[in-house]
Amino acid sequence: MSEQKQEVENWWAINVPAKLDDVWNRIKTWHKTQDVLPKLITSLEVLDDKADGEVGAHRMVNGTFDETLRSIEKGDKHASFSYTIDHAKGTPLDAGTVYVTVAATATVDDETHLKISVRYTAAEGADDMTNAVYSGMLAGYKESCTKK
């Protein structure tokens with residue numbers, strides 16, 4: 001009997017008490033995300049010759065998540081990058097491509113609203129996994145962006 005897979009869209013959000021430019025300069029790194037999220041990312045291997053932040057840059061995170069940077073943009077009040085998880089060996093997310101967008105928006109009180117949106121087809125257990133990963137990612141970004 002085959003395992004039931006479902007199409008899922010979800011998002012997580014948090015406010016960071018720092019200006020957009022400061023947050024963006026910290027989170028936009030693609031090849032150095034391990035420095036920003038050391039509690040979540042234990043290893044990061046760059047898999048091509050593309051520059052950090054160059055669309056198409058390819059990496060392997062924690063020996064499990066094969067990821068490709070798909071877009072990156074920055075304006076005065078908003079910035080975002082998106083990537084795909086092309087394979088997630090041995091996890092409930094290894095049922096198809098996972099689409100992830102990290103968006104940062106300036107607020108009127110000099111904070112930054114961070115939102116992570118995720119769309120995927122996955123097997124049972126994926127919701128618990130994505131909740132832990134992306135909640136942890138936001139908490140790590142907030143901690144990293146507010147360190148003195």
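**A close look at the salt bridges**

Modeller: Let's start with D86 and R70, which pair up in a salt bridge with their closest N and O atoms 3.5 Å apart. D86 sits in strand β5 and R70 in strand β4, so the bridge ties together parts 16 residues apart in sequence. By salt bridge I mean a side-chain nitrogen of Lys or Arg within 4 Å of a carboxyl oxygen of Asp or Glu. Helices (H or I, at least four residues) and strands (E, at least two) are DSSP runs, numbered from the N terminus.

Keep in mind that this is a predicted model: local features need pLDDT of at least 70, side-chain atom pairs count only at pLDDT 80 or more, and totals for chains, interfaces and linings use all residues. Residues are numbered from 1 along each chain as its sequence is written, and side-chain values use heavy atoms, with hydrogens and water left out.

Back to that pair. D86 counts as buried, at 19% relative accessibility, while R70 is partly exposed at 43%. Here buried is under 20% relative accessible area, exposed is over 50%, and partly exposed is in between (1.4 Å probe, protein chains only).

The whole structure has 5 salt bridges. As a reminder, side chains of opposite charge can pair when their charged atoms come close. Another of these bridges joins E67 to R59, with 2.7 Å between the closest N and O atoms, and both residues are buried. Then there is E143 with K39, at 3.1 Å from N to O. That one links distant parts of the chain, because E143 is in helix α3 and K39 in the loop between α2 and β2, 104 residues apart. E143 is partly exposed, at 37% relative accessible area, whereas K39 is exposed, at 72%.

E67 also leads us to the largest pocket, where E67 is one of the residues nearest the centre, along with L40, V61, Y83 and V133. A pocket is an open set of points on a 1 Å grid over the protein atoms alone where a 1.4 Å probe fits, with protein on both sides within 12 Å along at least five of seven lines; lining residues have an atom within 4 Å of a point. The space inside comes to about 230 Å³, taken as what is filled by probe spheres set on the points, which are joined across faces, edges and corners. The lining has 21 residues, and β3 (58-61), β4 (65-74), β5 (78-88) and α3 (126-145) each give two or more of them. Helix α3 gives the most, with 6. The lining splits into 15 nonpolar, 4 polar and 2 charged residues. In that count Ala, Val, Leu, Ile, Met, Phe, Trp, Tyr, Cys and Pro are nonpolar, Asp, Glu, Lys and Arg are charged, and the others, Gly among them, are polar.

One more lysine while we're here: K50 lies in the loop between β2 (44-46) and β3, and K50 counts as partly exposed at 33% relative accessibility. Leaving out neighbours within four places in sequence, K50 is in contact (heavy atoms within 4.5 Å) with H31, V55, G56 and A57. K50 and H31 are 19 residues apart along the chain, and their C-alpha atoms are separated by 9.7 Å.
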